[in-house]
Amino acid sequence: MIIDTQLASLFTAVALIIIGIFAAAFLDNLIKKVIGLAFIGDGVNLFIVSMGYKAGGIVYIYLPGMAADWFSQNASYPLPFAMVLTSIVIGASTMAVMLGIIIVLYKKHGSLKASEILGD
Amino acid sequence: MNSLIPLMVIVPILCALFLNLLHKKDRTIKIIAIILALILPALPILANYGLHYFGGYVPLIENPTLGTDLPSLITGTALNTFHPAITYSFQSAQKIFVFILGLVGLLAVFTSLFETRRPSGVYGYMMFMGIAAITAVLLTDDIFNLYVFFEIAALATVGIVLVSNIKGNYETALKYMILGGIAAPMLLLGVALLLGVTGNVNITDIIYSLKNGLVNPQSPVLLMACGLIVFGWLYGSGLPPFHTIKSAVYSKALPSGAALVQAFSVFTFIALGVIILRIFSYLPFSQWVILGVSLLAMILGITMAILQTDLRRMIGFLAVGELGYIGIGLGLGTVSGITAGLFQAVNEAVITAFLFIGFGTVLYQTGISDTRKLGGMMVRNPKVALLVLLAGFAMAGVPPLNAFQSKLMLIQASINAGLPELGVIMILLSIVTFMTFMKAFHAVFLRPKPADLEIKNENIPKATIIAMLVFLVVCIVFGLFPQVVTSYLQPLATSLGGVV
């Protein structure tokens with residue numbers, strides 16, 4: 001049985017978010033926590049991209065010769081894709097700052113254990 | 001002059017970039033930072049009310065010639081009225097909020113430049129970037145744009161903490177970022193769900209869709225979106241369960257930075273709180289959620305402040321507690337309640353900044369913020385002690401200062417809304433705030449100076465005293481003439497009070 005592409009993407013997104021929350025909350029290694037946070041961000045991004053998916057749809061580029069009515073009914077919705085691009089940039093910046101802080105903390109404490117460095 | 005609306009965001013961003021470029025040129029940094037910081041409170045005063053469409057893309061209904069070649073699927077439906085561009089809305093409430101944010105920003109920048117021998121371009125960058133982000137959060141009518149600037153403000157906050165060089169600042173910044181790494185995507189997920197249901201990220205259009213039956217307002221997806229956006233709101237403004245980390249963030253920033261970061265929290269609280277009320281006011285429990293969270297913030301914030309021995313931590317918890325008052329006003333949902341809540345927000349941004357900078361003078365002179373190791377500062381600086389005392393009086397709501405007016409209005413609004421219990425709690429917590437402040441004031445200023453207390457800097461910079469005097473003048477003016485502020489807040493409160 002072929003699973004609907006959009007539904008499969010949405011389930012994957014939810015799975016990524018749950019795995020990410022688990023890693024961020026329960027894993028003691030700071031790098032693993034950050035990877036967990038990346039999972040959450042990626043899950044949300046995948047969720048948004050999935051919402052813009054249109055079965056049998058076309059890319060939202062209006063080419064000469066296309067009928068406006070036909071295009072507006074068949075093109076996928078561009079807004080989620082634009083949002084995800086921005087979100088990826090924000091996620092990358094946040095991740096870079098977090099990893100930078102972890103490098104400093106590793107040099108200071110000689111460990112990556114959150115329980116030792118952050119105290120809980 | 002509607003073109004000034006985007007400039008309120010563009011000017012601080014440009015200033016931030018310049019300061020970063022000129023990192024090691026101390027004198028140039030000082031001059032540019034002061035000139036551009038002076039522009040910040042001036043811009044909202046000069047700008048006219050209105051909307052600004054980025055890219056100039058107005059709704060089709062406002063420019064019918066644009067829609068001549070478009071299919072009826074677009075021109076014949078609600079799409080005709082929707083906003084295709086990122087829209088900034090500048091009304092009277094935004095005028096006062098952006099002005100106060102600009103004023104706190106100006107005084108924080110001014111203080112920071114004269115308290116350090118070598119002004120840091122990076123620190124200036126973080127401050128201006130944060131101001132730009134929170135201004136955008138206040139102005140934007142696009143909820144995704146709000147999320148973007150919400151994240152930038154969080155990064156700027158982290159930057160302000162990292163630059164401070166206070167022991168434990170990196171650990172606190174990382175904790176804040178890890179929590180933000182969960183809360184911010186949840187906010188984005190809430191935005192995504194709203195987009196999924198309504199097909200829109202423009203708040204006005206989302207409300208149009210909900211009110212005109214284009215989507216089912218009772219959809220469980222909308223409930224989930226509401227929950228996720230509320231979660232982001234709790235993180236952004238430092239409400240429980242994020243109150244502990246938020247007060248830790250304040251305590252690990254320099255006084256000027258903490259003064260600014262608490263203003264970020266207050267205005268994030270207001271911006272997201274107003275959006276939650278605008279979009280989800282039809283949900284019967286939305287009002288009670290805001291009231292419940294605010295009450296919890298008040299009780300937890302103020303009671304935890306009593307236990308603190310660190311000055312900055314104490315003000316941090318008091319600031320969280322004061323946020324609760326704002327939330328009570330919003331949660332009451334009446335015009336008078338919302339006006340009082342918004343007025344309290346303006347007052348809190350000023351008073352908490354005043355307190356952070358006031359107690360910051362003690363930190364500047366001694367390098368110590370532990371009240372158990374301090375004392376005798378009144379003899380050394382009676383003028384500063386008086387200013388700090390007045391700041392504390394203002395926070396506790398002593399007449400004729402500004403918070404007295406807003407707290408009185410809140411108590412009256414809660415009685416009129418049939419919830420006098422809230423009024424009683426607010427009075428009791430104001431007394432506790434006063435006690436907490438007086439305990440700290442006694443420990444720092446009135447108690448004899450401990451023998452081992454070393455004074456590192458004898459003279460407090462004049463810029464700091466000037467900043468405190470300006471805050472005091474604002475507190476007195478807003479206290480004596482509350483209508484100066486409330487007249488600006490009334491239109492927003494009326495529009496919100498009508499929907500709740």
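Residues are numbered from 1 along each chain as its sequence is written, while chains are lettered from A and ligands numbered from 1 in the order in which they are written. Because the model is predicted, local features need pLDDT of at least 70 and side-chain atom pairs count only at pLDDT 80 or more, whereas totals for chains, interfaces and linings use all residues.

**Confidence**

The predictor gives the complex an ipTM of 0.94 and a pTM of 0.94.

Helices here are DSSP runs (H or I, at least four residues), numbered from the N terminus.

**Helix pairs**

Two packed helices are described by the angle between their axes and the distance between the axes. The axes are lines fitted to C-alpha atoms, for helices over the stretch in contact, and the angles run from 0 to 180 degrees between N-to-C directions.

| Helix pair | Angle | Axis distance |
|---|---|---|
| Helix 1 (5-26) and helix 2 (30-52) of chain A | roughly 160 degrees | within 7 Å |
| Helix 9 (220-237) and helix 11 of chain B | about 165 degrees | 8 Å |
| Helix 7 and helix 9 of chain B | about 150 degrees | 8 Å |

With axes crossing at roughly 160 degrees, helix 1 of chain A is roughly antiparallel to helix 2 of chain A, a term for angles over 145 degrees. The crossing of these two helices of chain A is left-handed, meaning that the near helix is turned anticlockwise from the far one by less than a right angle. The residues of this contact divide into 16 nonpolar, seven polar and three charged.

In chain B, the angle of about 165 degrees between helix 9 and helix 11 makes helix 9 roughly antiparallel to helix 11, and their crossing is left-handed. Residues of helix 9 that meet helix 11 include B:Cys226, B:Ile229 and B:Trp233, and those of helix 11 include B:Ser265, B:Thr268 and B:Phe269. This contact holds eight nonpolar, five polar and no charged residues.

Helix 7 and helix 9 of chain B are likewise roughly antiparallel to each other, and helix 7 passes helix 9 in a left-handed crossing. Among the residues of this contact are B:Leu179, B:Gly180 and B:Ala183 of helix 7 and B:Val221, B:Leu222 and B:Met224 of helix 9. By class, the contact has 17 nonpolar, four polar and no charged residues.

A residue is buried if 20 or more other C-beta atoms lie within 10 Å of its own, exposed if 12 or fewer, and partly exposed in between, with C-beta atoms placed from the backbone. Seven of the nine residues of helix 10 (243-251) of chain B are buried, so this helix is largely enclosed by the rest of the structure. These buried residues pack against helix 6 (143-163), helix 7 (169-198), helix 11 (255-280), helix 12 (286-307) and helix 13 (311-332) of chain B.

B:Val137, in helix 5 (121-139) of chain B, is buried, with 27 other C-beta atoms within 10 Å. Not counting residues up to four places away in sequence, B:Val137 touches B:Leu146, B:Phe149, B:Phe150, B:Ala153, B:Phe267, B:Thr268 and B:Ala271.

B:Pro482 lies in the loop between helix 19 (462-480) and helix 20 (483-499) of chain B and is buried, with 20 other C-beta atoms within 10 Å. Leaving aside neighbours within four places in sequence, B:Pro482 is in contact with B:Phe343 and B:Gln405.

By contrast, B:Asn165, in the loop between helix 6 and helix 7 of chain B, is exposed, with 9 other C-beta atoms within 10 Å. B:Asn165 has a positive phi of about 65 degrees although it is not a glycine.

**Cis peptide bonds**

The peptide bond from B:Pro240 to B:Pro241 is cis, with omega near 10 degrees, and B:Pro241 lies in the loop between helix 9 and helix 10 of chain B. A cis peptide bond also joins B:Pro399 and B:Pro400, with omega about 5 degrees, and B:Pro400 is in the loop between helix 16 (382-396) and helix 17 (402-416) of chain B.

Terms used. Angles under 35 degrees count as roughly parallel, over 145 as roughly antiparallel, 65 to 115 as roughly perpendicular and the rest as oblique. Ala, Val, Leu, Ile, Met, Phe, Trp, Tyr, Cys and Pro count as nonpolar, Asp, Glu, Lys and Arg as charged, and the others, Gly among them, as polar. Two residues are in contact if their C-beta atoms, placed from the backbone, lie within 7 Å.
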